[in-house]
Every structure is written in structure tokens, then in C-alpha cells.
Amino acid sequence: MAFKKDFRLLLRPYYYINLILSFSYLVAKKLPPLCTYLHPISDTQCELDAVSNDKYCYNLSLISQHFIVMVGLLLPEPTYCGPENIVYFRTASGLDEELARDKRVVWLVTFYTAWNPACANFAPVFAQLSSEFAVVGLLLPEPTYCGPENIVYFRTASGLDEELARDKRVVWLVTFYTAWNPACANFAPVFAQLSSEYSLDNLKFGKIDVGRYPDAATKYQISDSSMSRQLPSVLMFRDAKEVLRRPAPDSKGKLQRFFFSEDNVKAAFDLNNLYAECKKNPLKKKGALKDDEQKKVQ
């Protein structure tokens with residue numbers, strides 16, 4: 001299929017006229033009747049030389065050059081004229097600002113020059129891809145979780161610490177993530193669904209973006225680099241202290257890989273038993289606590 005497509009391109013006027021002009025010099029030099037007619041004075045002009053001082057060849061080259069220019073104007077090289085969905089950046093700072101505006105957006109950026117032939121050949125391919133993927137993204141967007149969630153979003157490490165210390169009877173499951181990491185994006189609907197299913201007054205779910213708030217990553221020793229294997233990380237807190245995390249290092253300090261599926265998370269944190277335990281021992285309001293204390297005193 002690719003060969004047929006390339007062959008059809010050669011049948012366009014721009015290409016076959018240039019091919020004719022390319023062979024015109026050889027025909028003029030090697031065809032005896034034509035060469036003799038063009039060079040009646042000397043017979044040696046009909047031989048191909050490495051360096052030729054033939055005045056006719058010089059004139060013929062000038063005529064050919066002018067003719068090629070005319071052909072280029074009248075029959076320009078075929079270019080891609082279809083739709084495109086491309087943002088053109090003028091400065092590196094403009095690109096950086098656009099990348100930082102929404103870190104959830106995935107960008108494909110081409111760095112090119114106008115004079116490079118390879119860049120010129122790739123331009124219609126990139127334009128067509130931008131159009132096709134944009135249309136697919138609009139008509140067939142990636143499926144996302146649209147169900148309920150019960151998640152507290154923290155903005156700083158101190159905010160998380162304050163919430164943990166507010167009531168130490170509450171068990172917290174907190175996800176440390178970044179918006180640009182694919183594994184974090186894939187885990188987001190799983191965590192949202194778990195929060196909706198298992199959330200209680202004394203069993204809560206939280207998230208903190210360590211890309212925006214690196215102080216949390218530093219405090220809880222989670223790497224937020226592009227090569228990090230700790231994204232996402234889920235930590236369990238009891239009595240305002242960390243008791244379990246995934247992924248976790250082994251006895252030798254090597255980080256163990258963890259696949260963040262719904263079943264794996266349930267098994268790793270024993271969510272079913274934890275839910276049953278928390279539901280069996282609900283939080284009592286302050287008034288109820290005072291009444292219990294008074295009964296004990298009596």
C-alpha cells in the first residue's frame with residue numbers, strides 16, 4: 001500500500017516534469033542527430049566531460065533553471081491542505097507556561113526548522129495526526145470514573161498533620177500522587193470508588209498532590225521525580241502515625257513493586273476487616289462521651 005501511494009505521488013506534474021528536465025541534458029548530449037544539430041561546429045561537444053566549457057550547455061542550464069522556477073510557480077510541490085489542530089509556540093517560556101497551566105494535559109511537541117527537508121516532509125504527517133487524534137479525543141473520549149467519591153484533598157503536609165492530630169481515633173488512607181503520572185491517573189478512579197464504598201466517620205480517605213506540594217513528599221520520603229517508582233503511594237495512618245504503605249521497601253531497602261488494582265489494595269490494607277472493625281466501634285460525639293464519663297464516676 002505504501003509503494004502504491006508513493007508511486008501515485010510521482011505521477012503528479014511537479015515530479016514528472018522535473019524528471020524530464022533532469023534527463024534533458026543527457027538526451028541533448030548523447031542523441032547524435034540532436035547533438036549534431038545543436039553543435040554543428042565541433043563533433044567533440046557530443047561527449048560527456050567532467051568539466052564542460054560549452055557555451056550552449058551554459059545557456060541550456062540557465063534556460064533549464066528559469067524553466068524549473070516557472071514550473072515551481074505554476075506547479076508547486078503538493079502539500080498537505082487538510083485540517084490540523086496544532087498550537088504554535090514562539091518562545092521556550094511560552095511552552096513552559098502552557099505545560100504548567102494544566103499538568104494533566106499530555107503534549108506532543110515538534111521542534112523543527114523551516115529549511116530542513118526532513119522537517120518539511122514530516123509537517124503534513126504531524127498535521128494529519130493532530131487532526132485525527134483531536135477528533136478521536138472529542139468523539140471518543142477516554143472513559144473516566146464519574147461515580148461518587150468521599151475524599152479529602154490536602155494542600156500541604158501541615159494540613160495533613162493537623163487533620164491526623166484532630167482526632168487520633170480516625171484511620172486514614174492517604175494517596176500521594178502527581179497529576180502528570182500515568183499510574184496515578186489510572187489509580188484515581190480505583191481510589192475514588194474505594195472511598196465511596198468504605199468511608200466511615202472513623203475511616204477516611206485523603207489525597208495530596210506532591211507535584212504541587214513537594215513538602216509532603218519530602219516529609220514522608222516519597223520521590224516525585226519523573227523516574228520515581230513511588231507514585232502513587234498509599235499510606236495508612238492509625239493514631240496519627242504511619243503504620244503501613246504501598247509500595248514499601250523490603251528488608252534490604254529495595255522498593256517492592258505494587259500493582260494498584262482494587263483487589264490488591266483491599267488485600268494489602270485488609271479493608272474488609274478494617275471496615276468491619278471501624279463500623280463496630282463508631283465515633284461517639286462529645287456529649288455522649290461526657291455522659292459515659294459521668295456514669296463511670298457514679
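Visitor: Which exposed residues sit on the face of α11 turned away from its buried side?
Guide: Lys 279 and Lys 280. Exposed means over 50% relative accessible area, buried under 20%, and partly exposed in between (1.4 Å probe, protein chains only). This is a predicted model, where local features need pLDDT of at least 70, side-chain atom pairs count only at pLDDT 80 or more, and totals for chains, interfaces and linings use all residues. Residues are numbered from 1 along each chain as its sequence is written, and side-chain values use heavy atoms, leaving out hydrogens and water.

Visitor: And which residues of α11 are buried?
Guide: Leu 271, Leu 274 and Cys 278, in a helix that runs over residues 271-280. They are on the same side of α11, because they cover an arc of only 60 degrees around the axis. The arc is taken from the directions from the helix axis to the C-beta atoms. Helices (H or I, at least four residues) and strands (E, at least two) are DSSP runs, numbered from the N terminus.

Visitor: What covers them?
Guide: The cover includes β2 (171-177), α8 (182-198), β3 (203-209), β4 (233-238) and α10 (262-268). Contact here means heavy atoms within 4.5 Å.

Visitor: Switching to charges. How many salt bridges are there?
Guide: Seven. The criterion is a side-chain nitrogen of Lys or Arg within 4 Å of a carboxyl oxygen of Asp or Glu. One of them pairs Asp 161 with Lys 219 at 2.1 Å, N to O. That pair links distant parts of the chain, 58 residues apart: Asp 161 is in α7 (residues 157-166), Lys 219 in α9 (residues 214-219).

Visitor: Are those two side chains buried or partly exposed?
Guide: Partly exposed. Asp 161 has a relative accessible area of 24%, and Lys 219 is at 45%.

Visitor: Why would a spacing of three or four matter in a helix?
Guide: An α-helix has 3.6 residues a turn, so residues three or four places apart point the same way.
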